[in-house]
Structures are given as structure tokens and as C-alpha cells.
Amino acid sequence: MSFSLTYQPFGAHAVLICWPNIIDSDVRKDIQIFEAKILNKFSEHILETVIAYSSLILFFHEDAVVCDLISPLKDLYIAPGENQKKEYHIWKIPVCYKPQFGMDIEGLAKEKGYTLPEVIAMHTAPLYEVYFIGFLPGFPYLGGLDSRLATTRLEIPRMAVPKGAVAIGGNQTGVYPSESPGGWHIIGNTPLSFFDINASVPSFLTAGDKLKFIPINEKEYHQIAALQKENSYEIESEMYHD
Amino acid sequence: MIEVIAAGMFTTIQDSGRYGYRKWGVPLSGVMDQRSARLANHLVNNTNDEAIMEITMTAPILKFNVDTVIAITGAGFSPSVNGQKISMNKAVQIPKGSVIKFGKPSYGVRAYLSALGGFSVPKILDSYSFYPNITENFHIKKGNILSINTSEIPTTDLANSSVKISKAHFESPIITVDKGPEFNLLSRGVREKLLHQSFEISNDSNRMGYRLSAAENIAAAEIITSSVQPGTVQLTPSGQIIILMRDCQTTGGYARILQLTDEAINILAQKRAGESVRFVLRKLPF
């Protein structure tokens with residue numbers, strides 16, 4: 001724990017803790033370590049916590065006096081903690097990159113001067129890191145897009161981006177967990193559900209997990225979609241330590 | 001059973017909110033005007049967490065095929081039962097077969113209808129609040145049949161309970177705020193404009209957020225995506241002011257310049273397009 005943090009009340013019931021304004025894996029790890037320490041120590045005061053790239057927000061119960069909690073939080077950050085190694089998943093996410101699934105992939109390839117197989121290779125090569133979930137229920141903010149695929153957002157956002165759309169916007173890539181409006185370029189679609197209200201935890205991803213996109217053909221897409229529908233598709237994954 | 005004869009503009013079922021799921025990007029949701037909704041639940045002896053009907057701008061027509069007790073609070077929609085005007089902010093006995101209609105709101109925009117025992121809708125992710133892709137229904141439609149939890153019809157003292165409400169809740173243009181995380185990054189000139197000028201609420205305002213009319217020479221740079229919450233006032237690089245409301249996203253990339261108090265969210269929730277509001281900084285207790 002070596003970052004210089006700021007602590008500020010954010011409304012009457014929340015404290016916002018900010019790390020240096022960078023998108024960085026070490027910051028993400030430090031946020032999660034501190035979050036675990038806080039949840040361990042102050043669980044009776046805390047309603048819920050949300051992390052983002054370089055911040056952690058703590059929502060407290062209505063009767064908590066948030067400004068009184070800042071000083072004990074600062075002490076907790078510098079207090080020695082157990083150096084627990086956290087376990088994370090590396091998930092293999094099947095994606096069909098055929099133009100009927102990714103309506104913008106041909107346009108993107110043309111604009112960047114690459115062939116379709118080159119775009120697919122560039123998008124499937126990285127091991128993407130999940131920084132946090134936000135924007136939409138189950139939407140993962142991923143780090144690791146090949147900068148050669150970075151592109152400006154659509155000038156006019158689509159009214160309905162389909163569920164499962166794998167897309168690129170700016171220097172980010174992500175998966176739309178449900179149909180929603182959106183301005184990113186759609187390059188493929190995954191048959192997996194990234195948000196499931198019937199699961200014990202609605203999103204199988206957590207911050208710190210990694211994603212690998214695996215190209216599949218149309219037939220495989222429909223096979224996985226059918227298995228997923230009857231709840232018998234197990235997402236391939238392996239574990240890693242931070 | 002309650003039959004929806006007409007749905008109204010945007011009628012939903014809400015509770016106090018879907019807590020515990022924001023880490024997965026799930027909006028908090030819940031009633032827009034908590035003060036009015038809590039009152040409606042109290043009047044019929046329900047807890048704060050009971051599912052309640054939120055009515056917006058144009059009200060539904062409801063046929064009650066059940067004996068119950070209801071209370072209507074919030075915006076002044078002039079409710080009637082079988083053509084007879086009934087009081088708001090009061091527990092009212094509803095005999096089976098009654099049809100409840102409403103007029104146009106003479107003050108406020110959102111009314112709350114509580115029923116003894118609460119509305120019986122599926123609890124999804126620990127909440128009854130409607131939200132697209134989470135609950136099956138996003139809003140109530142004509143022909144829907146709503147159930148209420150069965151409960152003993154109470155004694156007369158409940159049916160007589162009523163309260164007087166303050167009109168300031170619906171008429172005050174003052175929106176009390178705290179400084180937001182990026183407030184201190186604004187120039188002095190922008191801060192002064194923000195706190196000394198009135199802003200008009202634009203048409204594009206709903207449960208996700210209220211947009212204010214564009215003001216000149218006010219803008220803020222984007223930030224690295226970070227947490228927001230209901231009541232967060234965002235300022236975009238093009239000068240748009242957006243006040244996030246109960247169905248807002250969990251994170252956002254615009255500067256968070258102010259944060260509404262809980263009561264200010266309730267007051268704003270009763271305002272309509274064209275009304276003016278003014279931000280006033282709350283004196284902090286430290």
C-alpha cells in the first residue's frame with residue numbers, strides 16, 4: 001500500500017476514496033485489497049461498496065456520520081494487513097465475429113486497413129483485465145485493447161445494441177450484457193449471458209478476472225446458445241493469483 | 001386483485017431501492033420522492049420497504065376487485081372513488097368493486113398509492129422496484145392484473161389516520177446540495193454561476209436523470225469513469241447539467257460537481273419541465 005489517497009464525503013451517506021488518476025493494474029489490486037480490509041473492519045456500517053478504475057466508494061447506512069469515519073479509514077489504509085493472495089479467474093469467452101453477428105467489423109477493418117482475420121487476431125490475442133463492472137448491469141470495463149483497434153464512437157448511437165454484442169469504443173472493448181442503446185462499434189457477439197438475475201451472483205465476472213475471447217463459427221455459436229439456454233454450458237476458465 | 005383499466009403515462013411499482021447490487025452495475029432504483037412514498041406506506045401501517053405504486057404525470061384508472069385500505073400521497077392528482085372525491089394523505093377504505101380515477105396534477109408530478117399489505121410483485125435481486133432487464137415489467141400496462149398481499153382489514157383508527165403536508169415540498173425552487181468530488185476543480189466564475197443562477201428543467205427528464213437548460217460559459221472536463229449516485233449533479237464538457245435520479249447508472253465519466261441532499265432529491269422528483277430550480281450549498285456540520 002503505497003499510493004497517496006484522497007478521502008472525501010460524497011453526499012451525506014458516502015465516502016469517496018481516490019487513487020492517482022490512472023488506469024493501472026496495480027491501482028486496481030490496491031483498491032481491492034483496501035476494499036477487503038474495509039469490509040472486514042467496518043461491515044456493520046457499510047451498505048455496499050463500488051469500485052471504478054481509480055476510486056472506491058463506500059455507501060454507509062443512513063445513521064452513520066461519514067465525516068467521523070474518514071480518519072479511521074486513513075489509519076486502516078496504512079495499518080499492516082494480512083498479505084492474502086487473491087484468486088481470480090481467466091475466462092474463455094466464445095465470440096462469433098461473422099459480419100451478421102458483428103455488423104461493424106467489416107467497416108472497422110476497412111477503416112483501419114486490415115483484413116477481417118487480422119482484426120479478429122488482434123482482438124483475440126490479448127488477455128483482457130476486468131477493472132470493474134458499471135454502466136449497465138453486468139457490463140465489464142476491460143483493459144488491454146490493442147491500440148491499433150481503437151476507434152472513435154459512432155456519431156449517432158444505435159437505439160438498440162443486441163445482447164451479447166462485443167464492441168469497441170475509443171480505446172476500450174466490452175460486452176453488452178443486455179439490449180441497450182450504445183455508440184460502440186459492434187464486431188461480434190457472444191452466446192454467453194453476462195448478467196443473470198437468477199444466478200446467486202448476477203455477474204460471473206469480478207474485478208481482477210481476466211478474459212480471453214475465443215473465435216467460434218456460427219454453428220458453434222448456436223450450439224453454445226442452446227446449451228446456455230438449458231443452463232448446461234460451463235464457461236471454460238482457469239485460476240490465477242494476483 | 002387490481003385491474004389496470006388505463007395505465008397512465010409511466011406507472012411503476014417501486015420500493016426503497018435495490019441495495020447491494022451496484023457493484024454489478026445494477027441501478028439503485030426505488031421511489032423518486034421517498035418522503036411522500038414513506039408517508040403513504042405509514043398511513044396504511046406498512047413498513048418503508050413495502051412495494052408501492054408510483055404514478056407520473058398522467059394517472060392510471062384502477063378497478064379494485066378486493067376490499068382494502070389505500071393511501072395516496074405526493075402530487076395533487078385529485079383522486080376519486082366511484083366518482084366521489086377522496087382525501088389525499090389519508091388512509092381510505094376501498095370496498096371491493098371500486099374504480100379509482102385521478103385528475104391532472106395541480107401540484108407536483110409524482111403520486112404514491114400504497115395498499116394495506118403492499119403490492120405483491122416478484123422480488124428480484126432483493127427489491128420490488130421495476131427496472132428494464134431486471135424485472136419482467138418496466139412499467140404497468142393497460143390490462144395488467146396487480147395483486148396485493150392479503151392482510152387483515154384494520155380497525156377504524158387506521159382508516160382515520162391522516163396528515164397535513166407542507167406545500168413547500170412541491171413549491172420550493174431551492175435544491176440543497178453538498179459539494180461534489182470535482183467541485184473544487186471548477187473555476188471561481190463557474191462556481192458562482194452555478195450557485196447564483198436559476199436553471200430551467202428541460203423536457204428530457206425522467207427516472208434516470210433531470211437535465212437542466214444549458215447555461216452559458218459553464219463546462220467541465222471529463223473524468224476517468226468513477227462512481228455516481230442518485231442526486232449527483234454532472235457537468236459535461238459541452239455545458240449540459242444533468243442531475244442523476246434513482247434509476248441512474250452506477251458509474252459515469254462526467255465531472256461530479258454537486259450532490260443533492262436526500263430531501264432535495266425528493267423535492268426535485270416533484271418538479272416538471274419548465275420549472276426553475278436554484279442550487280444552495282448546505283452548511284456542513286464540520
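Select domain 1 of chain A and domain 2 of chain A: their centres, taken over C-alpha atoms, are separated by 30 Å. The model on screen is a predicted one. The domain assignment places domain 1 of chain A at residues 6–78 and domain 2 of chain A at residues 87–241.

**Between the domains of chain A**

Now select the residues where these two domains touch. Domain 1 of chain A contributes 7 residues to the contact, and domain 2 of chain A contributes 7 residues. On the domain 1 side, the elements giving two or more residues are α1 (25–41) and β3 of chain A. Colour α1(A) separately, as the largest share of that side, 3 residues, comes from this element. Coloured by class, the domain 1 side divides into 4 nonpolar, 2 polar and 1 charged residues.

**Chain A as a whole**

The chain has 5 helices and 14 strands. Its radius of gyration is 20 Å, close to the 18 Å that the globule rule gives for 242 residues, so chain A is as compact as a globular protein of that length.

Buried residues make up 38% of the 242 residues of chain A. Among contacts in chain A between residues at least 6 apart in sequence, 64% join residues at least 24 apart.

**Where chain A meets chain B**

Bring chain B into view and select the contact between the chains. Here 30 residues of chain A are in contact with 27 residues of chain B. On the chain A side, look for β2 (14–18), β3 (46–52) and β4 (55–60), the elements that give two or more residues. Which of the elements gives the largest share of the chain A side? That is β3(A), with 5 residues. β3(A) was also named at the previous stop, among the elements of domain 1 of chain A that touch domain 2 of chain A. Coloured by class, the chain A side of the contact with chain B has 19 nonpolar, 10 polar and 1 charged residues.

**The domains of chain B**

**A sheet in chain B**

Next, select the strands β14, β21, β13, β20, β17, β18 and β15 of chain B. These 7 strands form an open sheet, in the order β14-β21-β13-β20-β17-β18-β15, with mixed pairing. What are the edge strands of the sheet? They are β14 (198–200) and β15 (209–212) of chain B, each of which pairs on one side only. On average, neighbouring strands of this sheet are turned by 35° against each other, direction ignored.

For the last stop, zoom in on β17 (residues 232–235) and β18 (residues 241–244) of chain B, which run antiparallel and are joined by 3 bridges. Show the side chains of B:Gln234 and B:Ile242: B:Gln234 stands opposite B:Ile242, which lies in β18(B).

Notes. Residues are numbered from 1 along each chain as its sequence is written. Chains are lettered from A and ligands numbered from 1 in the order in which they are written. This is a predicted model: local features need pLDDT of at least 70, side-chain atom pairs count only at pLDDT 80 or more; totals for chains, interfaces and linings use all residues. Helices (H or I, at least four residues) and strands (E, at least two) are DSSP runs, numbered from the N terminus. Ala, Val, Leu, Ile, Met, Phe, Trp, Tyr, Cys and Pro count as nonpolar, Asp, Glu, Lys and Arg as charged, and the others, Gly among them, as polar. Two strands pair if DSSP finds at least two bridges between them. Axes are lines fitted to C-alpha atoms, for helices over the stretch in contact, and angles run from 0 to 180 degrees between N-to-C directions. Domain bounds come from an automatic or database domain assignment. The radius of gyration is taken over C-alpha atoms; the globule rule is 2.2 Å times the number of residues to the power 0.38. A residue is buried if 20 or more other C-beta atoms lie within 10 Å of its own, exposed if 12 or fewer, and partly exposed in between; C-beta atoms are placed from the backbone.
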